Amino acid sequence: MSITAFENIVNNRRSNRKFDTEIEVPDEIIKKAIELAILAPNSSNMQLWEFHWIKDKSVQEKFHPICLNQSAAKTAKHLIAFVGRRDLWKSHADWNLNLVKEAIGDREPTKREKRGIDYYGILMPLVYRRDWFGFSTLIRRVICFIKGFSNPFMRINGNRDQNVIVQKSCALAAQNFMLAIGAQGYDTCPMEGFDPILARKALGLPKGAELNMIVAVGKGTPEGIHGERKRLPYNDTVIIH
Ligand SMILES: Cc1cc2nc3c(=O)[nH]c(=O)nc-3n(C[C@H](O)[C@H](O)[C@H](O)COP(=O)(O)O)c2cc1C
């Protein structure tokens with residue numbers, strides 16, 4: 001793909017707040033965009049995310065007040081909730097671990113494969129484990145302090161760091177999704193303007209799952225674009241070291 005083709009996709013994506021309610025968005029468009037969202041880079045390939053495709057009209061209507069009656073939500077043909085699933089770390093670490101083990105089979109593991117086993121078998125539990133009394137966080141703090149005392153070290157301490165890791169990957173998936181919808185001729189509006197407690201309840205999310213954003217999808221209208229795209233000047237936001 002040329003940079004021009006990519007530039008067109010990026011330039012054409014605007015947050016559209018009013019979709020044409022007469023134009024449907026076929027399911028294949030959404031499915032394709034979710035497939036491409038799944039290909040987003042994500043921390044340690046742990047894929048601690050979930051994509052809740054809110055397709056049913058009656059469920060969508062439940063989401064109108066949850067999304068604060070924003071017109072993007074009310075006129076959307078589909079709503080996709082991007083959800084961080086930090087709580088699934090164990091099963092996803094095991095999934096990755098099994099991939100490494102299956103590739104090894106009965107032979108001796110290579111150095112790289114041994115590193116893979118340690119990565120998903122030891123490091124990921126160290127990064128993601130939580131307990132009621134905060135022992136895991138305490139252990140992480142001590143390790144970070146000792147290891148980071150004299151050498152550079154990736155400092156992952158507690159809940160906040162874990163959530164940031166998960167949410168970063170989730171937002172990258174949402175961006176892939178929005179660009180993929182744009183590339184197929186439809187429009188999106190990412191929304192953080194929703195009630196997180198009601199949204200969690202409506203989606204039946206367990207404790208440990210955190211909503212990242214809800215993306216409204218439809219065929220955009222000119223009124224849905226609120227003015228020209230404005231960004232701070234390049235030189236005010238790029239710092240060259
Ligand atoms: C995480 C996130 C949350 C957002 N939440 C809302 C929202 O709740 N409602 C809305 O109308 N726009 C929302 N936006 C859209 C932004 O306002 C929009 O991206 C920004 O103004 C730049 O415009 P553009 O997307 O057309 O380039 C959100 C964007 C992001 C990335």
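**Entry 1: the ligand**

I began at the ligand, where a backbone N or O atom of Gly193 lies 2.9 Å from an oxygen atom of the ligand. I call this a polar contact, meaning a pair of N or O atoms within 3.5 Å; within protein, one must be able to donate a hydrogen and the other to accept it, and residues adjacent in sequence count only if both atoms are side-chain atoms. Arg231 also reaches an oxygen atom of the ligand, with a polar side-chain atom at 2.9 Å. On the nitrogen side, a polar backbone atom of Pro190 is 3.2 Å from a nitrogen atom of the ligand. I then looked up the ligand's area: 620 Å² is exposed when the ligand is taken alone, and the protein buries 68% of that (areas by the Shrake-Rupley method with a 1.4 Å probe; for residues, only the protein chains shown count as cover).

A note to myself: this is a predicted model, in which local features need pLDDT of at least 70 and side-chain atom pairs count only at pLDDT 80 or more, while totals for chains, interfaces and linings use all residues. Residues are numbered from 1 along each chain as its sequence is written, and side-chain values use heavy atoms, with hydrogens and water left out.

**Entry 2**

How many cavities of 30 Å³ or more does a search of the whole structure find? I noted two. On a 1 Å grid over the protein atoms alone, a cavity is a set of points where a 1.4 Å probe fits but cannot get out, and a pocket is an open set with protein on both sides within 12 Å along at least five of seven lines; lining residues have an atom within 4 Å of a point. Points are joined across faces, edges and corners, and a volume is the space filled by probe spheres set on them.

The largest cavity holds about 60 Å³, and its lining includes Asn42, Trp49, Tyr128 and Cys170. Helix 8 (residues 159-183) gives the largest share, four residues (helices are DSSP runs of H or I, at least four residues, and strands runs of E, at least two, numbered from the N terminus).

The second largest cavity has about 30 Å³. Its lining includes Arg13, Arg14, Met178 and Asp187, and helix 8 again gives the largest share, three residues.

For the largest pocket I wrote down about 340 Å³. It has 14 lining residues, with Arg86, Arg130, Asp131, Trp132 and Lys207 nearest its centre.

**Entry 3: Asn212**

Is Asn212 buried or exposed? I put Asn212 down as buried because its relative accessibility is 16% (buried is under 20%, exposed over 50%, partly exposed in between, with a 1.4 Å probe and protein chains only). Asn212 sits in strand 4 (residues 209-218). Its side chain joins that of Gln167 in a polar contact of 2.7 Å.
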